[in-house]
Amino acid sequence: MIDLHSHTTESDGTLTPLELVELAAVKSLEALGITDHDTFAGYDQARPAAEACRLELVCGIELSTKLDVDGRKSERSVHLLGYFPDAEPAAEFRSWLHAIQESRRDRNLRLVGRLRELGLDIRLEEVQQLGGSMTGRPHFAKLLRRKGYVKTLQEAFDRYLDESAPGYVERLEPGFAEAVARIREAGGVSSLAHPVRLAGRDAALEFRTIERLAGMGLRGIEAYHSDHSSEDTARYLDYARKYGLAVTGGSDFHGDTKPDVQLGAGRAANLRVSRSVLDQLRAIACQARG
Ligand code: AMP
Ligand code: ZN
Ligand code: FE
Ligand code: FE
């Protein structure tokens, strides 16, 4: 069994890279993909530990990208995974990530200002202490809960942080097509993360959108995910065949922030990703690099 989608404290997970590797070893995972949001810092730190316990570690990333899902003007944030299973991502890709992180810091500064205007007494240092190098809205949500402004993380998003809420401020996010191209240029394989979130329950829109994304050069689809029912998975496996997409899968483990999701096993053991998924992903990565 393998897991190709997980997060560490370097983004919004609650286990350190070292603790995550240890957990994967305890669970006897054959391979672990670390896919922190917009950073390789967790993967980089986990490498020595993974080597020491002979856990096969897969270099990955989860990028937030902008996409006009329903063809209307408003763009939504769509998550895109990138995998580099046989070779390190090109250096240029890492500098591109640094630019994204820079814009995140700038957004965070403006977000603190906005929330202060709304009467919340928070400071940038307090949020950064929770988030480290990849401070994001989930860390703002935690701080608001800790300070008693909201009872739950969801309430923090609903009242302040969601795109439709009064506290929301924009940040620079690459477009979906650009992110797909960057991953390919860096020698990786892109995969649409948790496709079930793409179009809600609108099956026709989902179908049209995935067809469009394949046309933009998307290389894979995350057919296996903790949020997927067996029907969802079957549908995404069909799309993968239809559009020649690689299949990927993982739990999207975040530790205590999503306590019902288990590494390797998903929600109530609804997940089982076989080793052959990684073998095929690696073959596609090699092929693409020629
Ligand atoms: P950021 O990249 O800092 O803008 O934060 C984006 C992250 O916030 C997403 O990956 C989600 O984990 C979380 N998020 C965004 N919108 C919501 C929402 N409405 N409810 C709960 N979590 C959300
Ligand atoms: Zn996350
Ligand atoms: Fe995601
Ligand atoms: Fe994720």
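The protein chain exposes about 12800 Å², and carbon and sulfur atoms supply 50% of that area (accessible areas come from the Shrake-Rupley method with a 1.4 Å probe, and for residues only the protein chains shown count as cover). This is a predicted model, where local features need pLDDT of at least 70, side-chain atom pairs count only at pLDDT 80 or more, and totals for chains, interfaces and linings use all residues. Residues are numbered from 1 along each chain as its sequence is written.

Now for the overall build. The protein chain has ten helices and nine strands (DSSP runs numbered from the N terminus: helices are H or I with at least four residues, strands are E with at least two). Its radius of gyration is 18 Å, close to the 19 Å that the globule rule gives for 290 residues, so the chain is as compact as a globular protein of that length (the radius is taken over C-alpha atoms, and the rule is 2.2 Å times the number of residues to the power 0.38). Along its principal axes, the C-alpha trace spans about 55 × 45 × 40 Å. Buried residues make up 51% of the 290 (buried means under 20% relative accessible area, exposed over 50%, partly exposed in between, with a 1.4 Å probe and protein chains only).

Terms used
Chains are lettered from A and ligands numbered from 1 in the order in which they are written. Side-chain values use heavy atoms; hydrogens and water are left out.
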